[in-house]
Amino acid sequence: MRKIVVIGAGQAGASLAVRLRSLGHDGSITLIGEEPVAPYQRPPLSKKYLLGEMTLERLYLRPESYYRESDIELRTSSAVVSIDRAGKRISVGSREVSYDCLALCTGAVPRGLPRSIGGALPGVHTVRSLADVDAMAPAFVEGARALIVGGGYIGLEAAAVAATSGMRVTLIEAAERILQRVAAQETSSYFRALHETHGVDIRERVSLERLTGEGRVTGAVLSDGAELKVDVVIVGIGVTPSTELAESAGLEIENGVWTDIQGRTSDPSIWAAGDCASFPYKGTRIRLESVQNAIDQAECVAANMLGSEEDYVPQPWFWSDQYDCKLQIAGLCTGYRRIVTRGAGHSVSFWYYADETLLAVDSMNDARAYMIGKRLLEMGKSPDRAVIANANVDLKPLLRG
């Protein structure tokens, strides 16, 4: 276990490398990333950084000097092209790097639009990397016309930043409602109303037929026959786990790089963490696309690489900032049957139940409801729905015992 190599220098990869050192690993650690910069935060990219409220230096997870001082070899602008499992080495360009233990933290890649409908036209962007946001930033000017394709959280956050910048924003969602895959009707309605008050034109049950333009995108034709003039298109239609390296190496794939509950892949010398990894959870197998999962899972895997034998049992939570609204989510809402509403208006929370069992909480501008809901989920408690619905009842006593 002297030589540990981490492929992927995002949140998971950086967290794993840092944790290895903090746990006392005194062998070599090599952290390899394709981007030309040190590991950085992704959530502020499409918000504060794009709006000019955060500098590049503040994006970095740690200063570059940290990696030198911690004896972590950080290789940027480096693409790993293959893994030789038998020889325990990887190819990085024309060079080879040997390992005793390997971690895959390759993340996920955004889905783009097909070239056949204009997806490759200049002015069409996805939101994932620093380069993505730097490329779209010049188009974020007052009065410009933006088309957002996709009504998930990425699309809605992009719409919020565009509207805040004074752009004229149209958002289209092919499903019956925005956030249909990840949230209840109540949460969808809240955010639809929020965006409409900021001038965003939300069109549900409408998809993109094609983009038009000579040399650059200038228009869009929608499935309902509408034609729009556009200056910039932002695509937020989800991501796919980055599994190409793992697949070519013959590792098991199941909606991501398959791992056991401790983070091992089908090769006991190779581990995985972050957006690319699928793992057992409550009788099923999931991937979690969140910063907190990337950190927690990576730190658990680091400990297990050093012999801890610790099961990874996440307590999922997520957040989204849009305008002056802070959405905080605890738990996973899959399988809910009932929604309990607590509060109203600007500050409200929606509690997901499967019959009598609490599954998740969506909290808008109500940090107290979020924190109590999160703790209840961690404790395995499911309070009576009538208690939750009564905004005059203090929920804190529910945490006792």
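Over how many bridges do strand β23 and β26 pair, and in which sense? Strand β23 (residues 325–331) pairs with β26 in the antiparallel sense, over five bridges. Within this pairing, A360 in β26 is the bridge partner of G331. Here two strands count as paired if DSSP finds at least two bridges between them. Helices (H or I, at least four residues) and strands (E, at least two) are DSSP runs, numbered from the N terminus.

The model is predicted: local features need pLDDT of at least 70, side-chain atom pairs count only at pLDDT 80 or more, and totals for chains, interfaces and linings use all residues. Residues are numbered from 1 along each chain as its sequence is written, and side-chain values use heavy atoms, with hydrogens and water left out.

## The antiparallel sheet

The strands β23 and β26 belong to an open sheet of five strands with antiparallel pairing, in the order β22-β23-β26-β25-β24. Its edge strands are β22 (317–322) and β24, each of which pairs on one side only. On average, neighbouring strands of this sheet are turned by 15 degrees against each other, direction ignored. Such angles are taken between axes, which are lines fitted to C-alpha atoms, for helices over the stretch in contact; the angles run from 0 to 180 degrees between N-to-C directions.

Seven bridges link strand β24 (residues 338–344) to strand β25 (residues 347–354), and the sense is antiparallel. In this pairing G343 stands opposite V348 in β25. The hairpin of β24 and β25 has two residues between the strands, and G345 takes a positive phi near 70 degrees there.

## The parallel sheet

A second open sheet is described by the order β9-β16-β10-β11-β12, with five strands and parallel pairing. The edges are held by β9 (124–126) and β12, each with a single partner strand, so one side of each is left without a neighbour in the sheet. Neighbouring strands of this sheet are turned by 20 degrees against each other on average, direction ignored. Inside the sheet, strand β10 (residues 145–149) and strand β11 (residues 168–173) pair in the parallel sense over five bridges. There I148 stands opposite L171 in β11.

In general, strands of a sheet pair through backbone hydrogen bonds, either parallel or antiparallel.

Strand β5 takes part in two antiparallel pairings. Four bridges join strand β4 (residues 80–84) to strand β5 (residues 89–92), and four bridges join β5 to strand β6 (residues 95–98). The residue S91 in β5 is the bridge partner of S82, and S91 also stands opposite E96 in β6.

| Hairpin | Residues between the strands | Residue with positive phi |
|---|---|---|
| β4 and β5 | four residues | K88, about 50 degrees |
| β5 and β6 | two residues | G93, near 65 degrees |
| β24 and β25 | two residues | G345, near 70 degrees |

## Loop residues with positive phi

Two further residues have a positive phi without being glycine. The phi of R205 is near 60 degrees, and R205 lies in the loop between β12 (201–204) and β13 (208–212). With a relative accessibility of 57%, R205 counts as exposed. The phi of N365 is about 55 degrees, and N365 is placed in the loop between β26 (357–364) and α10 (367–379). N365 is partly exposed, at a relative accessible area of 23%. The classes are buried (under 20% relative accessible area), exposed (over 50%) and partly exposed (in between), using a 1.4 Å probe and protein chains only.

## Helix packing

Helix α6 (residues 153–164) and helix α7 (residues 185–197) pack at an angle of about 20 degrees, and their axes are 11 Å apart. The crossing of α6 and α7 is left-handed, meaning that the near helix is turned anticlockwise from the far one by less than a right angle; clockwise would be right-handed.

## Aromatic rings

Five aromatic pairs are found in a search of the whole structure. One of them joins Y190 and F191 in an edge-to-face arrangement, at 5.2 Å centre to centre and 70 degrees between the planes. Rings of Phe, Tyr and Trp (its six-membered ring) pair if their centres lie within 6.5 Å; planes under 30 degrees apart count as stacked, over 60 as edge-to-face and the rest as tilted. Both Y190 and F191 are buried.
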